Amino acid sequence: MKKLPSISNQIDEDKIFKIINKNFSKIAPYWFGLISSWLIRSYNVFQDIDKFIILIYFINKDLIFYRKNGLVIDYDTFYKDKSIEIPKINISDISSDLHIPKESVISKLQELEKKGIIKKTGKKIFVDRSAFTAAKAEQTLKELSNLISRFNEILVKEKITNNIFATNEISESIKTNFSFCWYQFYKLLFIYTNRMRNALFDLESLALGSVVLLNTIGNRSFKVKDLNMKYWRKLAQGADDVGVNAMSLSDITGIPRPTVVRKIKTLVENGFLHIDEKKLITMNITGSALNVAQKMQDKNMIGLSHMLHRIFNQIKVINSD
């Protein structure tokens with residue numbers, strides 16, 4: 001029989017933030033890779049990330065219900081033969097919670113209804129079972145498990161813990177405690193997308209920017225460095241000496257090339273990206289945009305620390321002898 005560890009064995013959230021800060025270059029590819037892949041998959045469900053965000057906003061109502069009532073639902077049970085009933089839809093709440101204008105929320109709900117993803121009966125909304133297939137967390141779960149596994153390796157190296165869990169162990173632990181873990185993930189995700197939407201205008205622009213960022217991280221001369229967050233941010237600017245063009249960004253994200261060109265132009269004009277005479281796009285944040293980006297990243301890492309604190313300590317409890 002497994003013995004639960006004492007609360008003193010849990011890893012402190014502030015300590016987690018310091019570990020991420022110190023080892024940022026090691027964790028960054030997994031974190032940005034997870035976010036970038038999630039954004040691209042989300043776009044390709046409806047060709048509109050906001051519609052997907054609204055869908056998981058409804059699905060998250062179930063996670064909130066389980067959380068409030070002290071229930072933990074596993075992965076298979078959560079996705080098995082079900083639909084969600086939202087007793088009362090409030091456009092103002094959706095708009096406020098997701099930072100999407102009311103008019104856009106109404107329009108996107110109508111489009112989701114036309115597709116049969118949701119069904120409205122009076123003030124109630126029913127989310128169809130097919131939507132659960134579209135929103136199923138299979139690939140995201142793998143990428144989140146890889147992120148936590150890498151984080152676990154760093155904790156062992158820093159002598160914060162002696163517990164080392166295989167990636168498949170982490171994945172199975174998340175599946176067993178799926179409603180708890182996915183509540184934490186969605187909590188981070190909603191805060192993150194709201195923050196980035198406010199800075200970058202829309203989530204498709206964030207998806208494009210994240211691909212450019214990953215191209216920088218993948219640069220051979222850059223990815224071998226062992227950097228804390230401050231020096232990672234400094235050296236990342238202009239580190240990609242090749243760049244990526246609009247057609248490649250369109251192929252990778254699924255976003256039409258004319259839309260890519262328009263959104264990249266806006267990001268360049270606002271100092272978030274750079275484009276050279278060959279139309280190759282790189283990350284080289286300048287001016288006031290650099291200050292904005294640094295402040296956002298600090299807040300995002302606090303959010304990541306909170307999520308890792310909650311999920312990793314849960315995994316420690318599950319897998320303790």
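This is a predicted model: local features need pLDDT of at least 70, side-chain atom pairs count only at pLDDT 80 or more; totals for chains, interfaces and linings use all residues.
On the α2 side, the contact is made by K26, I27, Y30, W31, L34, S37, W38 and R41. On the α8 side, Q139, T140, E143, L144, N146, L147, R150, F151, I154 and K157 take part. Sorted by class, the contact of α2 with α8 has nine nonpolar, four polar and five charged residues.

Helix α2 also contains S25. This serine has a relative accessibility of 12% and therefore counts as buried, the cut-off being under 20%. Apart from neighbours within four places in sequence, S25 is in contact with K225, D226, L227 and W232. With L227 there is a polar contact: a polar atom of the S25 side chain lies 2.8 Å from the backbone nitrogen of L227.

Helix α5 spans residues 91–98, and its buried residues are I94, S95 and L98. Viewed down the axis of α5, these buried residues fall within an arc of 95 degrees, so they line one face of the helix. The elements that cover them include α3 (49–68), α6 (102–114) and α10 (178–200). The N-terminal end of α5 is capped by N90, which has a side-chain oxygen 3.0 Å from the backbone nitrogen of S92. Just after α5, H99 takes a positive phi of about 60 degrees.

Note on methods: Residues are numbered from 1 along each chain as its sequence is written. Side-chain values use heavy atoms; hydrogens and water are left out. Buried means under 20% relative accessible area, exposed over 50%, partly exposed in between (1.4 Å probe, protein chains only). Helices (H or I, at least four residues) and strands (E, at least two) are DSSP runs, numbered from the N terminus. The arc is that of the directions from the helix axis to the C-beta atoms. Contact means heavy atoms within 4.5 Å. A polar contact is a pair of N or O atoms within 3.5 Å; within protein, one must be able to donate a hydrogen and the other to accept it, and residues adjacent in sequence count only if both atoms are side-chain atoms. Ala, Val, Leu, Ile, Met, Phe, Trp, Tyr, Cys and Pro count as nonpolar, Asp, Glu, Lys and Arg as charged, and the others, Gly among them, as polar.
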